[in-house]
Amino acid sequence: MKILHTADWHIGKKLHKHSLHPDFDLFIDWLCDCIAENKVKVLLVSGDVFDLANPSSEARQQYFKTLMKLKRLNCKIILTGGNHDSPTMLNAPQEVLRELDIHIIGGLPNELSECIIPVENEQNQTEVVIAALPYLRDADLRTASHGNSYQDRLEALRKGIQQTFLDAAEICKTQYPGVPAIAMGHLFAAGAETSESERDIQIGNQAAFNALQFGDYFNYIALGHIHKPQRVNATTPTFYSGSPIALSFSERSNKNRILFLNSENGWEPQSIEIPVFRRLLKFTGTLEKLQQKLLDLQPRNGLASLIEIELQEENFHSNKIYELDQLVDNFKVEGYEIVKHRATFENKISGSGELYEQKQQLEDLQPLDVFQKLVDKQEEDEETRKELMSAFNEILEEVHQLKRG
């Protein structure tokens, strides 16, 4: 059976207030061609379908149009919720979509068996079974029997993740003996390489899960959450497919891909690289170097390339900031757009260049970043700092859950 693994679509994502709606449409058009060309029977989407728990009407419309495009290819779609998704919102059309062979598991159901989805071949025989596990929230994993210390809570989360995967494996083994099984998951595995656009999960990523604890029953584990494509050290092939398009400038050099499995050839996936639909460029240097880099750009067609600019000078001078602003305001080359600029000075004058830099970065700060800065200023021991960050992460997760409805 031929299977594709993707994840972290983040429909509705904006990069420096610039909508990535057309980027995702181009990816889906390419994906449909890829599915048809490779005669794919199952598409796995491992979480973070949307960028926001309460997506805009435009993002929802794009989502349903995407599902209908994919459905025309006679391909079973299995989609799980991630930490950015609202389980309630994803599950709302669950029954209707199931009639179209589109299976949605927005959050962990009361009965784990509801996550187990058999896939039949043309002879109506179950050829593979999918354990479609969504993002496991703290409330899904923690029990009253665990202690209340920071380390106790971390260990409770790790054990909860492990037990959920082991229980899913047992259901697959019992109900579909001898049938190959694939697990889907949305989590932070220990050792995974992150980027700027991923939201910390499960006590600020501190409860990193050792992928060796997935067990050895599953033939393949299809992960989501980390945006850089990578393999995870585990006893069976375990992969993050990564996001299909770059979602931050830190991901501009990622080779975005989907993973193709053909069960007849084993369970090592083939990597299929996704075309670059939009370039992200970052220019750094002195004012003269920045001017030259912008002058060297040649007009181009297609989606506009987005540019970040960082002026780097040795000594602060207000004229440099003014000239940088003028450079940005007067920049006009077809096919390019400057979306962010900032200035840094090696020899700062407190209250001038420093303030300019902070102003430029404020919109990029996350709540966790702000609280971390506050904690860093407190005269507390390391254990107390961890307890404070743990408590803040719990509050933050509760806020996200309330927004999800």
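User: How many helices and strands are in the protein chain?
Analyst: The protein chain has 11 helices and 17 strands. Keep in mind that this is a predicted model.

User: What share of the residues counts as buried?
Analyst: Of the 405 residues in the protein chain, 53% are buried.

User: And the contacts, what share joins residues at least 24 apart?
Analyst: The figure is 72%, counted among contacts between residues at least 6 apart in sequence.

User: Which residues have the most contacts inside the largest nonpolar core?
Analyst: Leu 44, Ile 130, Phe 165, Ile 182 and Phe 218. That core holds 52 residues. Several elements supply at least two residues each, among them strand E4 (42-46), strand E8 (126-132), helix H6 (150-175) and strand E9 (181-186). H6 gives the largest share, seven residues.

User: What does Ile 130 touch?
Analyst: Leaving out residues up to four places away in sequence, Ile 130 touches Leu 44, Ile 78, Cys 115, Ile 116, Ile 117, Val 119, Ile 182 and Met 184.

User: Switching to sheets. In what order do the six strands of the open sheet run?
Analyst: The order is E7-E8-E9-E10-E12-E11, with mixed pairing. E7 and strand E11 (230-231) are the edges. Each has a single partner strand, so one side of each lacks a neighbour in the sheet.

User: How do E11 and E12 pair, parallel or antiparallel?
Analyst: Antiparallel, over two bridges. Gln 230 sits opposite Tyr 240 of E12.

User: And E9, how many of its residues are buried?
Analyst: Six of its six residues are buried, so E9 is mostly covered. Ala 181, Ala 183 and Gly 185 lie on one side, and Ile 182, Met 184 and His 186 on the other. Both faces are covered.

User: Which way do the strands beside E9 run?
Analyst: E8 and E9 run parallel, joined by four bridges. E9 and E10 also run parallel, joined by five bridges. Met 184 is the bridge partner of Ala 132, and Met 184 also has Ala 222 in E10 as a bridge partner.

User: Helices now. At what angle do helix H1 and helix H2 pack?
Analyst: About 10°, with the axes 10 Å apart. H1 covers residues 21-38 and H2 covers residues 57-71. The two are therefore roughly parallel. Residues in the contact include Phe 24, Ile 28 and Cys 32 from H1, and Gln 62, Thr 66 and Leu 70 from H2.

User: What about H7 and H8, how do their axes cross?
Analyst: The axes of H7 (residues 287-295) and H8 (residues 318-329) cross at roughly 5° and come within 11 Å. H7 and H8 are therefore roughly parallel to each other too. Leu 287, Leu 290 and Leu 294 are among the H7 residues making the contact, and Leu 324 and Leu 327 are among those from H8.

User: Last one. Where does Glu 251 lie?
Analyst: In the loop between E12 and E13. Glu 251 is buried, at 1% relative accessibility. Glu 251 and Lys 228 are 23 residues apart in sequence, and their C-alpha atoms are 7.2 Å apart in space.

Note on methods
Residues numbered from 1 in each chain as written. Predicted model: local features only at pLDDT ≥ 70, side-chain atom pairs only at ≥ 80, totals over all residues. Heavy atoms only, no water. Core = buried A, V, L, I, M, F, W, Y, C linked by side-chain atoms within 4.5 Å. Buried < 20%, exposed > 50% of the residue type's maximum accessible area, 1.4 Å probe, protein only. Contact = heavy atoms within 4.5 Å. Pairing = 2+ DSSP bridges. Axes fitted to C-alpha atoms, helices over the stretch in contact; angles between N-to-C directions. Parallel < 35°, antiparallel > 145°, perpendicular 65-115°, else oblique.
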